[in-house]
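Open the model in a viewer and keep the selection tool at hand. The stops below take in charged side chains and then aromatic rings.

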Amino acid sequence: MNKEKMIAGVCALILLLTPFASGYAGWGDFLKTVQKTLDGSSGTSQGEIVDALKEALEIGTAKTVQALSQLDGYYGNPKLKIPLPQSVQTAEGVLRATGFGAPVDAFELSMNRAAEQAAPEAEALFVDAIKAMTISDATQILKGADNAATVYFKDKTSSQLQDIFKPIVHASMETVGVTQTYQSVSEKIQTIPFAANYALDLDAYVTEKSIDGLFIRLAEEEARIRNDPAARVTDLLKKVFQ
């Protein structure tokens with residue numbers, strides 16, 4: 001593997017996570033160890049580096065999940081916000097024109113609140129995926145594309161996330177009133193002449209969009225760090241050498 005690319009890849013994985021792990025002891029020492037290992041001046045093994053990366057990933061994914069779990073973690077981010085289903089979007093103009101805008105807004109907000117409540121469930125799955133990471137997995141991530149780490153998590157956790165998120169989303173939707181507001185909006189749509197009547201699995205829709213948002217967040221952070229060397233250096237100085 002090209003040494004410079006390996007170093008950049010290691011930095012990317014570390015610094016993908018350091019914005020969420022400020023103050024974590026040992027980041028500077030770990031980076032120095034990686035550099036010494038790559039130039040052959042350290043007795044640190046490749047396996048030990050992978051173990052350190054696993055620890056870093058555990059910290060970073062935990063902080064990422066926490067950010068999405070906060071109020072407006074989804075709703076306040078235009079790229080992650082769960083949009084109205086297509087059937088509602090189609091009739092949205094008529095709904096608002098007939099004074100039904102408030103229920104539409106309440107429905108959209110409640111879907112995003114359900115996603116924010118479900119987000120913490122991702123953390124345990126990410127931890128399991130990290131623990132299962134092999135030296136080969138880590139090497140592929142370091143040598144891979146801008147979203148290689150995100151693709152790894154997606155491959156290892158998507159199916160389980162679907163299974164775990166769906167009942168949590170369902171319960172959350174009951175709590176925050178998603179189902180009730182959707183029924184209200186849906187009934188109103190049915191009174192609109194020529195409005196299309198779409199069958200919608202609301203649990204599946206909100207679950208899918210919740211998981212999509214989770215991986216979008218991870219991919220954005222990974223790409224930003226990998227493609228901005230100046231940002232890597234600045235973040236490292238600020239977060240580690242302080």
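Select E116 and R113: both sit in helix α5, three residues apart, which is about one turn of the helix. Helices here are DSSP runs of H or I with at least four residues, and strands are E runs of at least two, numbered from the N terminus. This is a predicted model, in which local features need pLDDT of at least 70 and side-chain atom pairs count only at pLDDT 80 or more, while totals for chains, interfaces and linings use all residues. Residues are numbered from 1 along each chain as its sequence is written, and side-chain values use heavy atoms, with hydrogens and water left out.

Display the side chains of this pair. E116 and R113 form a salt bridge, with the closest N and O atoms 3.1 Å apart; the term requires a side-chain nitrogen of Lys or Arg within 4 Å of a carboxyl oxygen of Asp or Glu. Are E116 and R113 buried or exposed? Both are buried, the classes being buried under 20% relative accessible area, exposed over 50% and partly exposed in between (1.4 Å probe, protein chains only).

D72 belongs to the loop between α3 (46-69) and α4 (86-97) and R113 to helix α5 (residues 101-118), so the pair ties together parts that are 41 residues apart in sequence. D72 is partly exposed, at a relative accessible area of 33%. With all three selected, a network of salt bridges links D72, R113 and E116.

Next, select R96 and D105. The side chains of these residues meet in a salt bridge of 2.7 Å, N to O. R96 is partly exposed at 34% relative accessible area, and D105 is partly exposed at 34%. How many salt bridges does a search of the whole structure find? It finds six.

Now turn to the rings. The whole structure holds four aromatic pairs, counted for Phe, Tyr and Trp (its six-membered ring) when centres lie within 6.5 Å; planes under 30 degrees apart are stacked, over 60 edge-to-face and the rest tilted.

Select F126 and F215. Their ring centres are 6.4 Å apart and their planes at 70°, so the pair is edge-to-face. It links distant parts of the chain: F126 in helix α6 (residues 122-131) and F215 in helix α10 (residues 202-227), 89 residues apart. Both F126 and F215 are buried.

Y152 and F153 are both buried. The selection F126, Y152, F153 and F215 forms one aromatic cluster.
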